[in-house]
Amino acid sequence: MLNPGECIYQIVTDRFCEGNPAGRPRAELFSSDADNLRKYLGGDWAGIIARIQDGYLTGMGFSAILISQPAENIHVCMEDEAGTASYHGYWPRDFLRPNPYFGSMDSFRALLSTAHEHGLKVIIDFTPNHTSPALELRPDYMENGALYRAGQFIAAYSGDMERVFLHNGGTAFRDAEDSLYRNLYDLAGLDQMNPQVDELLREGIAYWLDQGVDGVRIDAAKHIPPGWLISLSGFIHTRKPAYLFGEWFLEAHGCTQDNAVFANTSGMSLLHFMFTHAIREVFHGRRDFRAFADMLRESSGSYKHLYDQLIFLDNHDMSRFTRDSDRWRTDLALVLLLTSAGLPVVYYGTEQYMSGGDDPHNRAMMSSFSRETTAYRLVAQLNRLRAGNLAIGYGSTKLLHVNTGVLAFERSCKGDVALILINQEESAYILPPLVTSLPQGAYSSILKDIFPDFQVAAGAEGNIQNVMLAPRSAYVYGYESDLKEPAALHFYPKAAAPGSELIIRGRHLGDSGRLRIGGYEAAILSWQSGRIVAKIPAIPAGTHPVQGLTSGKKEFRVPEELTVWTGAPVTVRLVVKNLHTDYDTRVYVTGNVYELGEWTAERAAGPFYNQIVYRYPTWYCDVSLPADCRIEFKFLLRSDSGIVRLEQGEVHSFHTPAEGVSEMIVEWQGCRQESVQLSEGDAAYG
Ligand code: NOJ
């Protein structure tokens, strides 16, 4: 399980290092001179193992790697000019088999054990959204999106009698429904609400979790019904503790409400695209540090668990951050990335200043494994600080001075402090006097071997003055307090069902004690000074504080609250027929369980859709609900002007399945014209 004090190195497996040339694919799929970036280039798990063993990755202080999806992909090329092969791992055909061009299952297991021996966690990419490119009218196109289960054919896109796939055309990214229920590009979209698909995807991810992977990146999370994804998150958390995060692309400005709600309630973190856009715009001269500061304010308002979201400069889907001549920008941006709130992901080759435009130029073979580059040394220094100074991983952020080209901020946590000063101007800059949290004393920047040093002297109030920042330089001053008291810093996951494991990080927690979640005693599975593993007890659903008592009788409380679901989740497609509404009206559902908002309008589930799977006046929504549970519910209409109306008539009810997916169809019973006031605890419909 990862925590925010860590740092992830993202590897495109095929592009990092070749360890076993004998495992190369046949000529049609392979570019032997590494000239055609749309073919396999030979990188494999054996190559990653070699680079772990020779200390290249741990030398930079990384504690985790994110690798391409390990599952078997298609064995044919795309019919485009370049003959693109599935070197990236995003065109799976069998979730229960390894990609042979990356290595055998033994090689994958060797990767896991080597990584773990060297203190590295392994996160895999996983694509529950789709298989491979397919065309409805051309069964001979590529592999026709075919899906297999451990080698046994399940279905293909064209001629899909069992409706394993979506057949609603490709998305135009018009709105949420269009993105969720149509194919992403020409990729054969899996219908997660088909029981066979749901089961196979859960079996598929369980297979890799059982091998011992530590985390999962959910590819294209924005294109998968959130209700189903929440159930997947619950399934994973009840099966094995693993760090989960989704790829939910956002445009440059502004967090959408559905993105924030998902990040806050799903038990899954998200890649923080607003951070990426902002940091790229600042260092590439399109905006300045004031815009970055605005993004920080906005995202701390949107994300309840900011520290668990993943921050990054670039990845395989955008041009590389580094532009050939401007290495200083990469250096300064790495400083900001590795000192900001969030879990950083560094894209392979950034430390070698690899540059390159859009896909596939951003995915070239690793250019060198030099340990002498400034970026390599910078990352190593900053990761050392991350590991030792609580302020970076867990601290609050305070902006001290922001102007177009200069940013000064501090992070602080439990007496630990980090002061970060960045000047991206061509000229030196003298900071105005600042008041920091640094205890009185003189401090040297931990980056003094990389940028010009400047010693700051903090006065009795933490005040510093006459600080001169050299052009295009960064300074990081750290103070580590001699914390002796028990301190709980973080827990994960932030939402899960009773019975799931909860992992708490802290310091000086002793070797035993008691833990209470929402006042209820939790069973302890292991207790060490820095890490407690407990089982979430069967308690009323809701958000609960997590508090403990060490055997030394010291009390502690973990920051943030845990959302406990009613039970292990399953997904139900709720459908309501004959619901005629005004144009500005959206449909939601509320009901007797926490997942449906317990008869409140604010936490009602939805919105419902009416264009693709079912059409107006029929509405549908895939909702995550507790398994094997009696559900009572009614629909709510919410108009843009804020009027909320509740369905009249009998309460609808049904019993959810013990696992898997199901559908519940009811008739709309009408509603009164007047607005209703529903609030927490309203028993009228309970
Ligand atoms: C997002 C991935 O990051 C991208 O590289 C891929 O092509 C699409 N999802 C489809 O899997």
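Start with Tyr-9 and Phe-16: both are buried. Keep in mind that this is a predicted model.

Now the rings in general. A pair of aromatic rings is described by two things, the distance of the centres and the angle of the planes. The count here comes to 32 aromatic pairs. Tyr-9 and Phe-16 make one of them, with centres 5.8 Å apart and planes at 65 degrees. That is edge-to-face.

Next pair: Trp-45 with Phe-108. Their centres are 5.0 Å apart, the planes again stand at 65 degrees, and the pair is edge-to-face. Where do the two residues of this pair sit in the chain? Trp-45 is in helix H1, residues 45-53, and Phe-108 is in helix H2, residues 105-117. They are 63 residues apart, so the pair links distant parts of the chain. Buried or exposed? Trp-45 has 0% relative accessibility, so it counts as buried. Phe-108 is buried as well, with a relative accessible area of 0%.

These two rings also belong to a cluster. Tyr-40, Trp-45, Tyr-101, Phe-102, Phe-108, Tyr-207 and Trp-208 form one aromatic cluster.

On to charges over rings. Arg-15 puts its charged end over the ring of Tyr-87, 3.8 Å from the centre. Arg-93 lies over the face of Tyr-148, and there the distance to the ring centre is 4.4 Å.

Now the histidine. His-237 lies in helix H5, residues 226-239. Its relative accessibility is 2%, so His-237 counts as buried. What does the side chain of His-237 reach? The backbone oxygen of Gly-267, at 2.8 Å. Beyond its neighbours within four places in sequence, His-237 is in contact with several residues, including Ala-242, Leu-244, Tyr-492, Pro-493 and Glu-501.

Last, the sheet. Three strands form an open sheet, in the order S37-S35-S41, with mixed pairing. Strands S37 (619-626) and S41 (661-667) stand at the edges. Each has a single partner strand, so one side of each is left without a neighbour in the sheet. From one strand to the next, the twist averages 25 degrees.

How many bridges join S35 to S37? Eight, and the two strands run antiparallel. S35 covers residues 569-577. As one example, Arg-573 has Asp-622 in S37 as its bridge partner.

And H5 comes back here. Helix H5 lies across S35, S37 and S41, and runs at about 165 degrees to S35. That is the helix that holds His-237.

Notes
Residues numbered from 1 in each chain as written. Predicted model: local features only at pLDDT ≥ 70, side-chain atom pairs only at ≥ 80, totals over all residues. Heavy atoms only, no water. Phe/Tyr/Trp six-rings, centres within 6.5 Å; stacked < 30°, edge-to-face > 60°. Buried < 20%, exposed > 50% of the residue type's maximum accessible area, 1.4 Å probe, protein only. Helix = DSSP H or I, 4+ residues; strand = E, 2+ residues; numbered from the N terminus. Lys NZ or Arg CZ within 6 Å of the ring centre and 35° of its normal. Polar contact = N/O pair within 3.5 Å; in protein donor to acceptor, adjacent residues only side chain to side chain. Contact = heavy atoms within 4.5 Å. Pairing = 2+ DSSP bridges. Axes fitted to C-alpha atoms, helices over the stretch in contact; angles between N-to-C directions.
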